[in-house]
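Visitor: Please show me the model. I have some questions about its layout.

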Amino acid sequence: MNRRALEALCAFVETGSVAKAAERILRSSPHVSRLLVELEEEVGFPVFVRRGRSLSLTDQGHKFYSAAMRFLSAEDELSGFATRLRQDQTDYIRIISAPFIANAFLNEAIAEVVGDNRQLSVDINSYPRIDAEAILAEGKFDIAIVSLPLISGEYDVLPFLRVQPVVAMNSQHPLADLAAITFADLVGYELITTHPRSRLHQSLTSLASAAGKVIKSRIQARNGIIACQLAGEPVGCCLADPFMALSCGARDLVMRPFNTEIRIDYAIVLPKWQARTRTIGALIANIRQATQRRIEEYGLQATLLDH
């Protein structure tokens, strides 16, 4: 089966149009259209519903797309494995984390372990927390760092870090004059909230309900990074993980501890079916050391947990 046609299918589904799919796989739009037609002819069943110039997947098309994704992923893994053998890279680690975790301390830990082992290669992928369980369930990882709670599965969960949230805001915000902020301090100010399923949003909602207060918010951000970036502008403040706030890149952002019982716990997750190699052990040790350095550097209210 034509790999280019499968790539065209996946690009079309993920971008939503033939033109954008063509940009992704570096082909012309007519070429992508031909690949999709040829693919449908080859499989022998309707992959697309055509309404004028509009294309969408049939039920069979959705199933075929899922299978194509798994096939391409497996082929890429096999190709990568062959490359590592060819280059005598006998050690290999697949890592999953949130993007801000990589920036906060994981990249430093990876650099140290890679520098000490010339036969090591690393594949790191970042996903939103909301997708973590689904990604872990696929089992294509050797170590992951995720926030808790986590649905139980075929992996070991090692508690790693406990963090006190912060209120992030522009340095000119009235609350920036306070050394620490309580929920009562937040009442009356515009808040930038994250999506309703996020842990911090749910915790904030619970505080408001218990106090009989209403959260004032006109801006809801899909993720915490965007919320922190907006908080750097004079449009409101947000409740955030301090590592996320540090990684957001906002130029005039300040953080103040949020004095409540809310805490954010992180864990290192390892597959149960896989032996813990010396390299994995070294990476975990480096992660803990790099995290402790960030805690001390920024004076964060955070604690490394024993596991």
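Guide: A definition comes before the questions. A cavity is a set of grid points where a 1.4 Å probe fits but cannot get out. The model is predicted.

Visitor: What is the volume of the largest cavity?
Guide: Its lining includes Phe-183, Leu-186, Val-187 and Gly-188. Lys-213, Val-214, Ile-215 and Lys-216 are also among the lining residues. The volume of the largest cavity is about 60 Å³.

Visitor: How much space lies in the largest pocket?
Guide: A pocket is an open set of points, whereas a probe in a cavity cannot get out. The largest pocket has a lining of 34 residues. Its space is about 960 Å³.

Visitor: Which residues lie nearest the centre of the largest pocket?
Guide: Several elements each supply at least two lining residues, including helix H5 (99–116), helix H8 (199–211) and strand S12 (264–271). Strand S5 (143–147) is another of these elements. Nearest the centre are Arg-129, Ile-130, Ser-147, His-195 and Ser-198.

Visitor: How many helices and strands does the protein chain have?
Guide: Along the principal axes, the C-alpha atoms fill a box of roughly 65 × 55 × 35 Å. The secondary structure in that chain comes to eleven helices and 13 strands.

Visitor: What percentage of the residues count as buried?
Guide: The cut-off for buried is under 20% relative accessible area. The protein chain has 307 residues. The buried share is 44%.

Visitor: What part of the accessible surface belongs to carbon and sulfur atoms?
Guide: The accessible surface of the protein chain comes to about 16,400 Å². The share belonging to carbon and sulfur atoms is 51%.

Visitor: How far apart are the mean positions of the positive and negative charges?
Guide: The protein chain carries 33 positive and 34 negative charges.

Visitor: Is Leu-26 buried or exposed?
Guide: Leu-26 lies in the loop between helix H2 (18–25) and helix H3 (29–43). Its phi is positive, about 60°, although Leu-26 is not a glycine. The relative accessible area of Leu-26 is 68%, and exposed means over 50%, so Leu-26 is exposed.

Visitor: Which residues does Asn-125 touch, not counting those up to four places away in sequence?
Guide: Asn-125 is found in strand S4 (residues 120–126). With 33% relative accessibility, Asn-125 counts as partly exposed. Its contacts are Ile-95, Ile-96 and Ser-97.

Visitor: How far apart in space are Asn-125 and Val-187, C-alpha to C-alpha?
Guide: Val-187 is one of the residues lining the largest cavity. In sequence, Asn-125 and Val-187 are 62 residues apart. In space, the C-alpha to C-alpha distance is 38 Å.

Visitor: What is the distance in space between Ser-206 and Tyr-155?
Guide: Ser-206 lies in helix H8. Ser-206 is partly exposed, with a relative accessible area of 47%. Ser-206 and Tyr-155 are 51 residues apart in sequence, and C-alpha to C-alpha they are apart in space by 31 Å.

Note on methods
Residues numbered from 1 in each chain as written. Predicted model: local features only at pLDDT ≥ 70, side-chain atom pairs only at ≥ 80, totals over all residues. Heavy atoms only, no water. Helix = DSSP H or I, 4+ residues; strand = E, 2+ residues; numbered from the N terminus. Buried < 20%, exposed > 50% of the residue type's maximum accessible area, 1.4 Å probe, protein only. Areas by Shrake-Rupley, 256 points an atom, 1.4 Å probe, with all protein chains shown as cover. Lys, Arg positive; Asp, Glu negative; His and termini not counted. Charge placed at Lys NZ, Arg CZ, Asp CG, Glu CD. 1 Å grid on protein atoms, 1.4 Å probe; cavity = no way out; pocket = protein on both sides within 12 Å on 5 of 7 lines; lining within 4 Å. Points joined across faces, edges and corners; volume = space filled by probe spheres on them. Contact = heavy atoms within 4.5 Å.
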